[in-house]
Amino acid sequence: MGSPPYLNRRPKTTRTPPGSESWPTPWVQMRTYSFSPTIFPGMIGAASPDAKAGDLVAVFNKDGQRFGTGLYNPRAKIALRVIHHGSEPVGEDAFLKLLERAIDWRVKTWKLDEQTDAYRVVNSDGDGLSGLMVDRYGDTLSIEVHSLGVYQRLPQWLPVLHEKLGTKREVIQVEERSARNEGIHHQPLTGHSVKIREHGVRYEVNFTSGHKTGFFCDQRDNRRKFAQLVAGRRTLDLCCYTGGFAVAAAVLGGSADVTGVDLDEDAIAQARRNGNLNQQNRISWIHADAYAYARQMYQNGQRWGAVVLDPPKLLLSREEERDGIRAYEDLNSLAIQLVEPGGLFVTCSCSGLLSLEQFEYHVIRATHRLDRRLQIFDRTTAGPDHPVMSNCLESRYLKVIWARVL
């Protein structure tokens, strides 16, 4: 197998742009106008000979005007990550200002520490720090890196983060694909877990076996909202992962009966521990494929008064779009069949390639195929600790539809 196509597309450096002799080095010149923070190799026209992977570079537009500042990596899928748009030069201190702005938004504006010790501190492009995600879990920072330039600067940033947040430890993760594409050499994780609180509910976060940064804190407000609607209802958490919705339904919601189902054996074991942390040892945890379980329960005549469906990402790429959409329709159709008439149905998608309107359309198709109807009463997303920049709307990935099934 050869290299991915984007690795073969290098910035065109065969000519020196007119006037570039006076540009501050290192620099990059763009071929096209774009205010996106993520610039692909084909969008770059030239780079100064001294521009190295990980460098903070001055960015010029195709007319030779100063356009911004960003982190450069010619070998990566995203060759340039712009941290500042504007003609004025910015230096390394810009990163510290962005970190402080991100922390103040969570701590001072939203006062998240009063309701939880688990929240997103830095949301990559949403905080102007493309390639960096930081979640706070108790005294530990769980950090996911997708940029060589970010990885190189972490040793300088970590003391600032710990001082501002009162944390003591960090766990740094680099996905294998990102490490390969960016040229990051990183040691794998060692075993480590921490206990957190969220709206009075306790969870354990395992950084070795957990997905992403260890826990889905983007669903924090949706878990509480769901719990407020399930009192006295029989509740099913389908694709429950480590039991976030199920445990909240039992602890905060007073659900009459709670079942959590997931194919991941480690996740189910963690979900059971989370239930026990909250003295909820009567929750039924089922290790099973969601499709097979839903079909079998429907045949058995089992119905629930509240069903939440939060599967992993089913649409992974544009090339697999048809299969991903079919998977969403099929799984939603199976889940809807398990909702008793007038019951609550909450369905989620974390596929960034699927818009809210598209997701809603396919959920409705799945419902109408069953000759049933949805009474949609809300559409939500992640909390305010997951902001989205207006020049990067594609990072708005989480979509949640709330409805009664009639």
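Select helix H4 (residues 220-227) and helix H5 (residues 244-251) in this predicted model; helices here are DSSP runs of H or I with at least four residues, and strands are E runs of at least two. The two helices pack at an angle of about 40 degrees, with their axes 8 Å apart. H4 and H5 are therefore oblique to each other, a class left after angles under 35 degrees (roughly parallel), over 145 (roughly antiparallel) and 65 to 115 (roughly perpendicular) are set aside.

Next, display the side chains at this contact (heavy atoms within 4.5 Å). From H4, Asn222, Arg223, Phe226 and Ala227 meet Gly244, Phe245, Ala248 and Ala249 of H5. These contact residues comprise 5 nonpolar, 2 polar and 1 charged, with Gly counted as polar and Arg as charged.

Turn now to the aromatic rings. The whole structure holds 12 aromatic pairs, meaning ring centres within 6.5 Å; planes under 30 degrees apart are stacked, over 60 edge-to-face, and the rest tilted. Select Phe95 and Trp157, a tilted pair at 5.0 Å centre to centre with 35 degrees between the planes. Phe95 belongs to helix H1 (residues 93-109) and Trp157 to helix H2 (residues 148-165), 62 residues apart.

Move on to Tyr137 and Phe207, a tilted pair with 6.0 Å between centres and 45 degrees between planes. Both Tyr137 and Phe207 are buried (under 20% relative accessible area, 1.4 Å probe, protein chains only).

Residues are numbered from 1 along each chain as its sequence is written. Local features need pLDDT of at least 70 and side-chain atom pairs 80 or more, while totals for chains, interfaces and linings use all residues; side-chain values use heavy atoms, without hydrogens or water.

Methods: Axes fitted to C-alpha atoms, helices over the stretch in contact; angles between N-to-C directions. Buried < 20%, exposed > 50% of the residue type's maximum accessible area, 1.4 Å probe, protein only.
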